[in-house]
Amino acid sequence: MVDTDDMNQGVKQQNQVSATSSSSLEEQHHYLEDLSKHIEVLLHASEAPLTANAIKKHLSLSNKELKQALELLQLRLDAGVMRLHETASGYRLQIADSYSALIQRVFPQRQERLSQALLETLSVIAYKQPVTRSDIEYVRGVTLSSNILRQLFDKGWIKEDGYKETLGRPALLHTTAQFLDAFGLTNLDELPPMPDISAIGGES
């Protein structure tokens, strides 16, 4: 015959364990929620993207805590107009893409218009890098204006790194992390299929 006192005692202990476990989970959730708010504050206050290592250092987080806090932050942001975006230089907050048309209509002066020649040159460097100036001219079929390259250097989107072992040892051109940031990419593998430069044509 089962002792009812022992049974009641067992149920009581089980309920206590469940209550303790539930309370612990709730405390953990609040802790991570606070961390996600701290990350949001840092991203709002920072003028540049913050790397995972920088966030972990500032808030003394483990990899697991950072991952969980970023997930909570993304969930909270999904209810508003801001989005958490990871770029080559780190995490940043930005307005959701669905509002781009509104921003461009109200603030047209903020829309930067890039020339076709600049975009073609940048595309060749991004997809074919490392390339020389002659490589770009060969792909585009026109002489490359120094002003185009200067604009790309001034924006910080390209850099010289190394030389091609051929006559004259021309400099090799590469894209930079700033280029990835500007186009919302974390790495070059996220580039869309290369456009048909020969079909587009263009000016130098």
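Pro 130 is found in the loop between H5 and helix H6, which covers residues 133–140. The model described here is predicted. A cis peptide bond joins Gln 129 and Pro 130 in it, with omega about 0°.

Helix H5 itself spans residues 116–128. Its partner in packing is helix H7, residues 146–155, and the axes of the two helices are 10 Å apart, at an angle of about 70°. Angles of 65 to 115 degrees count as roughly perpendicular, and H5 and H7 are therefore roughly perpendicular to each other. The crossing of H5 and H7 is right-handed.

Which residues make the contact between these two helices? On the H5 side they are Ala 117, Leu 118, Thr 121, Leu 122 and Ile 125. On the H7 side they are Ile 148, Leu 149, Gln 151 and Leu 152. Sorted by type, the residues of this contact are seven nonpolar and two polar, with no charged residue.

With residues up to four places away in sequence left out, Ile 125 touches Val 131, Ile 136, Leu 149, Leu 152, Ile 158, Leu 173, His 174 and Thr 175. Two of the names in that list, Leu 149 and Leu 152, belong to the H7 side of the helix contact described above.

Is Thr 87 buried or exposed? Its relative accessibility is 4%, and the limit for a buried residue is under 20%, so Thr 87 counts as buried. Apart from neighbours within four places in sequence, Thr 87 is in contact with Pro 49, Arg 92, Asp 181, Leu 185 and Thr 186.

Met 82 also has its place in strand E1. Its relative accessible area is 22%, so Met 82 is partly exposed. Leaving aside neighbours within four places in sequence, the contacts of Met 82 are Leu 77, Leu 93, Gln 94 and Ile 95. For one of these, Gln 94, the separation can be stated: Met 82 and Gln 94 are 12 residues apart along the chain, and their C-alpha atoms are separated by 5.5 Å.

Ser 60 is found in the loop between helix H2, residues 52–59, and helix H3, residues 63–77. Phi of Ser 60 is near 55°, a positive value in a residue other than glycine. With a relative accessible area of 61%, Ser 60 is exposed, because the limit for that class is over 50%.

Arg 169 lies in the loop between strand E3, residues 158–163, and strand E4, residues 171–175. Arg 169 is not a glycine, yet its phi is positive, about 45°. At 43% relative accessibility, Arg 169 counts as partly exposed.

Conventions. Residues are numbered from 1 along each chain as its sequence is written. This is a predicted model: local features need pLDDT of at least 70, side-chain atom pairs count only at pLDDT 80 or more; totals for chains, interfaces and linings use all residues. Side-chain values use heavy atoms; hydrogens and water are left out. Axes are lines fitted to C-alpha atoms, for helices over the stretch in contact, and angles run from 0 to 180 degrees between N-to-C directions. Helices (H or I, at least four residues) and strands (E, at least two) are DSSP runs, numbered from the N terminus. Angles under 35 degrees count as roughly parallel, over 145 as roughly antiparallel, 65 to 115 as roughly perpendicular and the rest as oblique. A crossing is left-handed if the near helix is turned anticlockwise from the far one by less than a right angle, and right-handed if clockwise. Contact means heavy atoms within 4.5 Å. Ala, Val, Leu, Ile, Met, Phe, Trp, Tyr, Cys and Pro count as nonpolar, Asp, Glu, Lys and Arg as charged, and the others, Gly among them, as polar. Buried means under 20% relative accessible area, exposed over 50%, partly exposed in between (1.4 Å probe, protein chains only).
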